[in-house]
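Please keep the sequence and the model in view while going through the points.

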Amino acid sequence: TFLEYVNMRLVSILREDKDFSGVSTGTGMSGNANGDDEAGERTVRTNTTGNVNYVQVTFTLGSKYTVNSNPNADKYESGLIPLDSVRVGRGTFLDASTSMEHVCQEYELAEDANDDTQMVGLAVGRVAKGVFDDGVEQDCGPQAAMCTSPSSIPDSFVSFNIPLGSQVFDGQASNDLSNNIFVDFVVNALDPTASGTPNNGDDPRQMKTTLTASIPIVAGGINIFCDGYTAKTDLKDVADAAIVVGTAAGAAELTRLRIIEGVASTDLAAVNSTQIDTDSIESALMTLVLRGSESYFASGAAQTGGYSLELDDLITLHMMEDGDAGSVVDGVASNSKEAALMALLNEPADDNSDSNGLDTDGYKLNGAFKFNIARADGIAKLEPTAELLAICPFNPPRPAAGNVELETCITRRDVRSRGYPARTGSPFPTAMEIFNSGVMGGGVVSAFDEADELGAMDAQVATGEEGPCQGDSDYSKASFQDTDYACEAGFMTSILGDSEYARKLAKDFVAAIRTRYDL
């Protein structure tokens, strides 16, 4: 035969659920036949119910061959792949037990008549043409054209898609190859180099052959589109956020601190940076308060599937300016590290997607941060870009002799995968979690008094148990002799020194934060 490199693949496109009405009772594209509540905005879910399927056949021809088109015949009888010749079936063997159906003839007749109600596909998965096309043409899918015989083949490569219908592969995967998709059609080509007379022994100008092929339906052998669950949701849709700058020994001192409310309300758009000038490390301590939205989480498992609000990753940037502004644009020196940093932060986001779906290099939030997608774990991890680390490294190099930089920028990872990493040589992590009232270290304390809770933490230390810094298995209190260390107190002593004042300030500050925000 004059065909080469014949290949087949099975394609299944799931239904993308875009119905945010709250309660949906419809089927079709919503994929929500049970009327389940959909709490949350701008979320996208997919559903296997109503998936649409097709088989793709690809092959190459010799470079000398072209399409054989008969000007006196239509696409059903002429062209590289006459549509009347296309047959497909599902079965164990290609014999009398397998019904081979003319699905392309039926599909194209409905296309010509502009009839979206015409049922198409195999008898085992027939579906209205309009419903089938809606599934294929989803943004998350390949948007492939069905039953389209190419009018030209400049690269000698042919790709032909045959509609199978809906849910044709459901429950059919087997390891013994007992379920297969069979394809059979005619390839009709011309050889322009053949200019002689075939009856005189010259090469024939017209070439036809039948392509018959099969592919088994096996687990892992189906190309699935629209199988992702994405939630490009603004934080304000699910939580309220505030930043408290500094520390306070009680409610009265808390009123003297700078508190930035509503930092989550960005509407998925860039926001101007808020400058925080401080004169000491302690006064630069930032407490991020996240409270789940009452309307989003109120109904618990019935509303959100038992999910809770968690802080997976947090990276902070710390800059010391040199005081020499030079030329200033919008308050930022044009030749400064700050200007370079702001340029990165203002770069537009890029989801690294193309017509084939999401690439493996993740989602770029801006020029400074990106998400790396761990597909096996089903999570995305926040990471700094190489461009950011070139300006603000984790560990700045020692400056050359006589060239001390007065403007510095440092990147610090405060939270990583819900854990609190500690820098080399430091016994304490770079961040801590203020536990919900009555909950610490995975245990529940009967009294909500802060002193009682921290006393219970101290008891853990005395018995050599794991400390209550959630998410960081490397941080154990058993290594410390002073039983006054608790998660909050130990963290505060890393800032203000190992003193009774620092440990008491930690307890009082945590109590003040809990009281103000009703944690």
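**Starting point: Phe369**

Phe369 is located in strand 21. Strands here are DSSP runs of E of at least two residues, helices are runs of H or I of at least four residues, and both are numbered from the N terminus. The model is a predicted one, in which local features need pLDDT of at least 70, side-chain atom pairs count only at pLDDT 80 or more, and totals for chains, interfaces and linings use all residues. Residues are numbered from 1 along each chain as its sequence is written, and side-chain values use heavy atoms, with hydrogens and water left out.

- Phe369 counts as buried, at 12% relative accessibility. Buried means under 20% relative accessible area, exposed means over 50%, and partly exposed lies in between, with a 1.4 Å probe and protein chains only.
- Leaving out residues up to four places away in sequence, Phe369 touches Ile315, Leu317, Leu345, Lys364, Leu382, Glu383, Pro384, Thr385 and Leu388. Contact means heavy atoms within 4.5 Å.
- One of these residues is Ile315. Phe369 and Ile315 are 54 residues apart in sequence, and their C-alpha atoms are 9.2 Å apart in space.

**The protein as a whole**

- The protein has 10 helices and 25 strands.
- Of its 519 residues, 40% count as buried.
- Among contacts between residues at least 6 apart in sequence, 61% join residues at least 24 apart.

- Two strands pair if DSSP finds at least two bridges between them.
- Strand 21 (residues 369-374) is joined to strand 22 by 6 bridges, and the two run antiparallel.
- Ala374 has Ile379 in strand 22 as its bridge partner.

- Another open sheet has 3 strands in the order 13-12-14, and its pairing is antiparallel.
- Its edges are strand 13 (258-261) and strand 14 (286-292), each with a single partner strand, so one side of each is left without a neighbour in the sheet.
- From one strand to the next, the twist averages 15°. Axes are lines fitted to C-alpha atoms, for helices over the stretch in contact, and angles run from 0 to 180 degrees between N-to-C directions.
- Strand 12 (residues 239-245) and strand 13 run antiparallel and are joined by 4 bridges.
- Ile243 stands opposite Ile260 in strand 13.

- Helix 2 is mostly covered, with 6 of its 8 residues buried. The buried residues are Lys129, Gly130, Phe132, Asp133, Gly135 and Val136.
- Asp116 lies in the loop between helix 1 and strand 5. Asp116 is partly exposed, at a relative accessible area of 42%.
- With neighbours within four places in sequence set aside, Asp116 is in contact with Ala128, Lys129 and Gly130.
- Asp116 and Val127 are 11 residues apart in sequence and 10.0 Å apart in space, C-alpha to C-alpha.

**Two residues with positive phi**

- Most residues other than glycine have a negative phi.
- Asn114 has a phi near 55°, a positive value in a residue other than glycine. Asn114 is in the loop between helix 1 (103-112) and strand 5 (119-120), and is exposed, with a relative accessible area of 67%.
- Gln143 is not a glycine, yet has a positive phi of about 55°. Gln143 is in the loop between helix 2 (129-136) and strand 7 (157-166), and is partly exposed, with a relative accessible area of 45%.

**The second largest pocket**

- The second largest pocket holds about 240 Å³ of space.
- Of the 13 residues that line this pocket, the closest to its centre are Lys337, Pro396, Pro397, Glu405 and Thr408.
- On a 1 Å grid over the protein atoms alone, a pocket is an open set of points where a 1.4 Å probe fits, with protein on both sides within 12 Å along at least five of seven lines; lining residues have an atom within 4 Å of a point.
- Grid points are joined across faces, edges and corners, and a volume is the space filled by probe spheres set on the points.
- Helix 7 (386-391) and strand 23 (408-415) each supply at least two residues of the lining.
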